[in-house]
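I set down each term where I needed it.

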Amino acid sequence: MLNYFKRRYQNHLDKVLSTIKLIDVEERYDLHFSRFYGLYFANAAKWLKMTPTQVSIISLVIGVVGGALFYYQDTTWIVALGALLVTWAGILDSADGQLARMTGQSSELGRQIDGLIDNLVFISCYIGGTLYLIPIHGYWILLLMVAAGLAHSYKAGLYEFYKSEYIYLVGKSQAGYIPLTKDEIKPTGDKWHHKIMHYINLDYTGKQIGSTTRSADERRKMRELAENNPQEFDPLYKKWNFKMLFWWAWLGGSNTHRNAMVISALFGMFDIYLAASLIWTLGYLPLNIMQRKYDQKLLKELTN
């Protein structure tokens with residue numbers, strides 16, 4: 001009986017692996033939870049002939065409702081329901097990308113919409129969890145909420161930047177492409193929603209580019225090396241960046257923040273999460289120093 005379940009688990013995990021962009025950048029939590037269960041929903045959506053955007057919208061509704069329920073941290077079953085919905089939204093956030101790759105519907109606009117929805121769910125969690133705290137701490141807690149939210153966005157941007165760079169440089173995939181400068185960012189269409197997404201993407205990507213320690217010239221050089229000398233570039237890049245991705249994920253990954261929010265809300269301690277989120281932002285200082293060191297070593301070794 002146990003061997004039967006092991007085989008079923010491994011067979012499904014193999015199918016999960018076939019729907020991801022690059023195994024190197026996948027967090028263990030995603031492989032064995034978010035993407036593992038997300039594939040079930042992706043298959044169901046495919047059978048129902050749904051689009052990835054429709055799955056994303058369902059994720060948005062479920063996640064926003066779940067985040068709003070964080071307001072009821074003094075009522076166990078309600079906040080538990082909120083935690084369940086926010087976790088479910090995270091699974092669907094994986095499912096929409098899996099569905100897009102399974103059906104060949106991946107697009108730049110879809111990627112932007114997916115990122116926006118993820119942010120809206122987190123905003124709902126911040127607002128719901130913090131409103132509960134106002135009678136306890138007063139309205140100043142709203143300032144802590146804004147500061148923690150901005151820090152969250154900053155950390156997430158850095159993680160997504162280095163994750164995307166890894167996908168583009170090592171995975172040789174356009175899915176990880178980030179422009180060298182803001183001037184390269186163009187709208188994906190002429191309709192009103194294309195323009196809105198363009199300005200959001202322009203602001204987000206601009207902050208990513210401005211936050212990283214990699215200059216445009218260094219990134220350009222890395223791209224040249226990845227294209228012209230992959231035999232030497234790929235192993236060295238993996239050597240110094242694979243482990244760094246682990247730490248960037250702990251600093252700014254969605255899983256880190258989502259699970260910390262859920263746990264703190266369940267125990268009625270969302271204020272602890274807000275303070276902790278600000279404190280662990282300081283982790284970007286040693287990570288930036290380490291990342292800069294490894295980038296310089298990489299370029300020095302391959303250009304000498």
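Entry 1, terms. I worked on a 1 Å grid over the protein atoms alone: a cavity is a set of points where a 1.4 Å probe fits but cannot get out, a pocket is an open set with protein on both sides within 12 Å along at least five of seven lines, and lining residues have an atom within 4 Å of a point. Grid points are joined across faces, edges and corners, and a volume is the space filled by probe spheres set on the points. I noted that this is a predicted model, in which local features need pLDDT of at least 70 and side-chain atom pairs count only at pLDDT 80 or more, while totals for chains, interfaces and linings use all residues. Residues are numbered from 1 along each chain as its sequence is written, and side-chain values use heavy atoms, with hydrogens and water left out.

I looked up which helices (H or I runs in DSSP of at least four residues, numbered from the N terminus) take part. At least two lining residues come from each of α2 (28-47), α7, α10 and α11 (254-266); α10 has the largest share, with five. I sorted residues into nonpolar (Ala, Val, Leu, Ile, Met, Phe, Trp, Tyr, Cys and Pro), charged (Asp, Glu, Lys and Arg) and polar (the others, Gly among them). The pocket lining holds 10 nonpolar, three polar and five charged residues.

I recorded two cavities of 30 Å³ or more. The largest cavity has a volume of about 60 Å³, and α4 (76-103) and α5 (108-131) are the elements that give two or more residues to its lining. Among its lining residues I listed Ser59, Asp93, Phe122 and Arg258. The second largest cavity has a volume of about 40 Å³. Tyr162, Tyr237 and Trp248 are among the residues lining the second largest cavity, to which α10 gives the most, five residues.

I found isoleucine 123 in helix α5.
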